[in-house]
Amino acid sequence: MGKFLLFLLFLPLFLAALEIKQTPIEFGETRVELTKKYIKSHYALDVQYIKIVPKIIVIHHTAIDDFNDSLSRFASETLPSIRADINNGGAVNVSAHFMVERDGTIHQLMPLDVMARHVIGLNYNSIGIENVGGQNSADNLTKEQLEANIALVKELQKRFGSIEYLIGHYEYRCFEGHELWLERDEGYRTHKDDPSQRFMDELRANVSGFKYAPCKQGQK
């Protein structure tokens, strides 16, 4: 039932100007309820719905060079035991709104107005784009992925007038102390290097109208 309702939610949010494959992850009642608990625990918000108004686009890499293996990490509604780095942060599994294959194929994984768990402190304000690659921290995202990200970011910019920032995951801590930062647990942080500064520099060179992350590494 949960997956059927999720499919219905996809329909009005599909970005028709781009070829985007609909590849919904399991997002039923279990993930919804665990997301509410995450929001209450980390953001001190007691919400009835897990809807978001996106202000930020966050670019990631999956740290896995295979698409199917990358997608499988999001399959379960609950966080697998292998994610020891964040399992003290809540039981809901990680997720993202999009995943881009190494050949540039774009997959939409979930509705764009629903919160995904993809970035500490900023989940409630952001859309996440995962790119397959970056295994062992390699800076190996492809030209095809760059082109797909450029097109997708431009479409999201058109779709959501609320979006102000375009950042790499490695820049997320720049927002600590910012009005968009919601994380209440001062000890809940992870080190991130994705998707690489090189990839973000190339992406930013091909889009306009976004603010940089509010710290030195994100400024021109």
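Predicted model: local features only at pLDDT ≥ 70, side-chain atom pairs only at ≥ 80, totals over all residues.
How many of the six residues of strand 5 are buried? Six of its six, so by the cut-off of under 20% relative accessible area the strand is mostly covered.

Next, the neighbours of strand 5. Strand 2, residues 56–61, runs parallel to strand 5 and is joined to it by six bridges. Within that pairing, valine 58 has glycine 128 as its bridge partner in strand 5. Strand 3, residues 98–100, is also parallel to strand 5, with three bridges between them. There, methionine 99 stands opposite glutamate 130.

Strand 6 is covered on both faces. Tyr165 and Ile167 are buried on one side, and Leu166 and Gly168 are buried on the other.

Now the helices. The axes of helix 4 and helix 5 come within 10 Å and cross at roughly 50°. That angle makes helix 4 oblique to helix 5. The crossing is right-handed. Which residues meet there? From helix 4 they are Gln145, Leu146, Asn149 and Ile150, and from helix 5 they are Phe199, Glu202 and Leu203.

That brings me to the salt bridges. A search of the whole structure finds eight, and I will go through some of them.

Arginine 198 bridges to aspartate 139, with the closest N and O atoms 2.7 Å apart. Arginine 198 lies in helix 5, residues 197–204, while aspartate 139 is in the loop between strand 5 and helix 4, so the pair ties together parts that are 59 residues apart in sequence. Are these two residues buried or partly exposed? Arginine 198 is partly exposed, with a relative accessible area of 27%, and aspartate 139 is partly exposed at 43%. The bridge is also part of a network of salt bridges that links Asp139, Arg198 and Glu202.

Arginine 204 forms a salt bridge with glutamate 171, and the closest N and O atoms are 2.8 Å apart. This pair links distant parts of the chain, 33 residues apart: arginine 204 is in helix 5 and glutamate 171 is in the loop between strand 6 and helix 5. Both residues are buried.

The last one is within a helix. Glutamate 33 forms a salt bridge with lysine 36, the closest N and O atoms being 3.4 Å apart. Both lie in helix 2, residues 29–43, and they are three residues apart, about one turn of the helix. Glutamate 33 counts as partly exposed because its relative accessibility is 42%.

Definitions and conventions:
Residues numbered from 1 in each chain as written. Heavy atoms only, no water. Salt bridge = Lys/Arg side-chain N within 4 Å of Asp/Glu carboxyl O. Helix = DSSP H or I, 4+ residues; strand = E, 2+ residues; numbered from the N terminus. Buried < 20%, exposed > 50% of the residue type's maximum accessible area, 1.4 Å probe, protein only. Pairing = 2+ DSSP bridges. Axes fitted to C-alpha atoms, helices over the stretch in contact; angles between N-to-C directions. Parallel < 35°, antiparallel > 145°, perpendicular 65-115°, else oblique. Left-handed = near helix turned anticlockwise from the far one by under 90°. Contact = heavy atoms within 4.5 Å.
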